[in-house]
Structure formats: C-alpha cells, structure tokens
Amino acid sequence: MESPQDLVPKFFGKTSGTYDRVVICATWGKDSYWKKQILRLIPSSDAILDLACGTGILTRKIADRFPSARIVGIDIMQNYLDVAEQNSKKYENISYVLQDAEVLNLDTRFDCIVSSYIPKYCSPYILVRACVNHLKDGGKIILHDFIYPRSGIRVLWNLYFVLLNCVGFFVPSWKEAFAELPKLIRTSSWLDEYEQVMKKEGFDVSIQLLTCGTSAVLVGHRSSKNTQSKKGYSR
Ligand SMILES: C[S@@+](CC[C@H](N)C(=O)[O-])C[C@H]1O[C@@H](n2cnc3c(N)ncnc32)[C@H](O)[C@@H]1O
C-alpha cells in the first residue's frame with residue numbers, strides 16, 4: 001500500500017497550473033473561509049513560515065496581513081513554487097524555497113509556523129520536530145487539514161467524493177487526486193496524532209473544527225516557560 005508521502009508526486013506532479021481554481025471549486029469556496037480562520041490565529045510576528053505553501057495562496061494572504069514581517073514559503077514540488085513565484089512578484093517580503101518539510105533546514109527561526117493541507121502527508125513526530133527546530137521560544141504552530149466528519153454529514157461527504165471522482169474522468173490531471181483523496185482523509189488520524197506529539201513536546205494545544213467538522217485547525221503554543229522545562233526534561 002502507498003504511504004501518504006508517495007501520493008504527493010501523484011497528486012501534485014501535474015496540477016500546479018489549475019490548483020487555485022480547483023481548490024476553490026472543490027471546496028465550494030470553503031478554502032478561502034478556512035484560510036481566513038488560519039490568518040486570525042497568527043499572532044503579530046517578525047517572521048512567519050508557510051510550510052507546503054503550494055501556489056502561495058495562503059503565503060500572500062499572510063504577507064498582506066503582516067506587510068512588515070518576513071514570510072518564507074517552502075514546498076517540495078518545484079512546479080508549485082514556480083506558480084507561487086510568478087503570482088507573488090509584487091511581494092518583496094516573501095521568499096520561496098524548495099524543501100521537504102520533514103527534513104526542513106532553514107538557517108533561521110520563526111515566530112509562527114503555519115500550514116494548510118500538509119499534516120496528512122507527513123509523519124507527525126518528524127514534522128513537529130522539524131518545526132520545533134525552527135520555532136522561536138514562545139512560538140506558535142498552526143496546522144490545518146481536512147478531516148473525516150464524525151456526524152451524520154458523513155453520508156453527504158462520501159456522496160460528494162463519489163461525484164468528485166466522476167468529475168476526475170473529465171479532468172485527467174486531477175483524476176488520481178479526486179479518486180484517492182477521500183481514502184487518505186478517511187484513514188488519516190492526523191488531528192489526534194499531532195495533538196499527542198505536540199503535547200509531549202511541551203505545547204499547549206487547542207483544536208477548532210470547521211464547516212461541520214470537515215476540516216480542523218490545530219494550534220500549538222509553546223510558552224517560554226514550557227520551552228525551558230522541556231529543555232530541562234531533554235537533558
Ligand atoms: C493541497 S496543496 C496545499 C498548498 C497550500 N498550502 C494551500 O493551502 O493552498 C499541498 C502541498 O503540500 C506540498 N507537500 C506535500 N508534502 C510535502 C513535504 N513533505 N514538504 C513540503 N511540501 C509538501 C505539495 O507539494 C503541495 O504543494
């Protein structure tokens with residue numbers, strides 16, 4: 001069976017040119033609403049990292065909201081970064097870097113690390129450790145992704161993905177993503193797993209479910225006090 005990491009080139013290898021339109025249509029505009037919620041949670045910062053920035057939709061919204069902050073967007077797919085660069089020419093405070101979030105190696109630390117739609121593709125322990133190594137004391141990690149809804153809306157959710165799967169037959173570059181995304185979301189327990197890992201790393205964690213529990217935002221905040229006690233614990 002393929003790992004979530006194996007799906008990344010399949011989903012994103014040929015889709016960068018149409019991503020911005022598809023994400024709006026496929027989420028019925030909810031993607032913009034979810035990103036607004038993420039933005040509201042970002043504290044006033046000097047430096048912000050957007051992990052798996054894709055075409056830079058969220059990165060540019062962050063740069064608009066915090067014009068004097070330094071914003072870095074990283075992604076593992078060069079084709080997505082090419083679109084991000086193209087669409088961000090007027091932003092002097094954004095830089096894009098080709099990197100794998102799981103082996104993040106930037107020569108700097110951030111006040112806030114944000115990501116939309118990466119958690120389900122990564123190993124929670126590895127990703128959180130990579131973030132911790134790039135977070136300033138007292139910094140915040142904000143992770144957003146789809147979840148499989150718990151309530152009666154599941155029936156509608158499953159029907160919707162059957163429909164999206166059919167649409168995929170007419171949009172070849174998205175066929176595999178539309179077919180395999182629901183399985184990935186159904187089987188992912190990213191929210192519980194990241195919550196546990198972050199708590200072990202000394203973060204205070206809060207969770208916000210969005211749009212009938214079809215997506216969630218997890219916020220981890222590590223106060224300077226927790227950072228000190230965690231450092232003491234590690235030794
Ligand atoms: C659905 S797109 C989301 C893009 C953007 N965050 C947004 O909200 O519009 C997922 C992105 O995650 C990137 N990605 C997946 N795994 C990654 C990893 N390990 N490191 C960096 N980027 C990754 C993909 O290349 C893709 O651009």
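A salt bridge here is a side-chain nitrogen of Lys or Arg within 4 Å of a carboxyl oxygen of Asp or Glu. Aspartate 145 and lysine 120 meet that criterion, with their closest N and O atoms 2.8 Å apart. The pair joins distant parts of the chain: aspartate 145 sits in strand β5 (residues 135-146), while lysine 120 belongs to the loop between β4 (110-116) and α6 (124-132), 25 residues away. Helices (H or I, at least four residues) and strands (E, at least two) are DSSP runs, numbered from the N terminus. Both partners are buried, aspartate 145 at 0% relative accessibility and lysine 120 at 5%. For these labels, buried means under 20% relative accessible area, exposed over 50%, and partly exposed in between, with a 1.4 Å probe and protein chains only.

A word on the model itself. It is a predicted one, so to speak of local features takes pLDDT of at least 70 and side-chain atom pairs count only at pLDDT 80 or more, whereas totals for chains, interfaces and linings use all residues. Residues are numbered from 1 along each chain as its sequence is written, and side-chain values use heavy atoms, with hydrogens and water left out.

Back to the charged pairs: the structure holds 8 salt bridges in total. In general, side chains of opposite charge can pair when their charged atoms come close. Glutamate 180 pairs with lysine 10, and the closest N and O atoms are 3.0 Å apart. Since glutamate 180 is part of helix α8 (residues 175-187) and lysine 10 part of helix α1 (residues 4-12), this bridge ties together parts that are 170 residues apart in sequence. Glutamate 180 is buried, at 18% relative accessible area, whereas lysine 10 is partly exposed at 24%.

The ligand is surrounded by 18 residues, and Lys35, Ala52, Asp75, Asp100 and Ala101 are the closest; a residue counts as near if one of its heavy atoms lies within 4 Å. By class, the shell divides into 12 nonpolar, 3 polar and 3 charged residues. The sorting takes Ala, Val, Leu, Ile, Met, Phe, Trp, Tyr, Cys and Pro as nonpolar, Asp, Glu, Lys and Arg as charged, and the others, Gly among them, as polar.

On the side-chain end, an N or O atom of tyrosine 19 is 3.0 Å from a ligand oxygen, and one of aspartate 100 is 2.9 Å from a ligand nitrogen. Isoleucine 76 instead uses its backbone, with an N or O atom 3.2 Å from a nitrogen of the ligand. Of the 600 Å² of accessible area that the ligand has on its own, the protein covers 97%. Those areas come from the Shrake-Rupley method with a 1.4 Å probe.

Then there are the cysteines. The structure holds 0 disulfides, a disulfide being a pair of cysteine sulfur atoms within 2.5 Å. For cysteine 112, the nearest cysteine sulfur belongs to cysteine 131 and is 10 Å away; cysteine 112 is buried, at 0% relative accessibility. For cysteine 166, the nearest is the sulfur of cysteine 25, 17 Å away, and cysteine 166 is partly exposed at 41%. Cysteine 53 is in the loop between β1 (47-51) and α4 (57-65) and is buried, with 7% relative accessible area. Cysteine 53 and tyrosine 80 are 27 residues apart in sequence, yet their C-alpha atoms are 8.3 Å apart.

Tyrosine 117 has a phi near 80°, a positive value in a residue other than glycine. This tyrosine 117 is in the loop between β4 and α6 and is buried, at 9% relative accessible area. Threonine 211, also not a glycine, has a positive phi near 45°. The loop between β6 (204-210) and β7 (215-221) holds threonine 211, which is partly exposed at 26%.

Notes: Polar contact = N/O pair within 3.5 Å; in protein donor to acceptor, adjacent residues only side chain to side chain.
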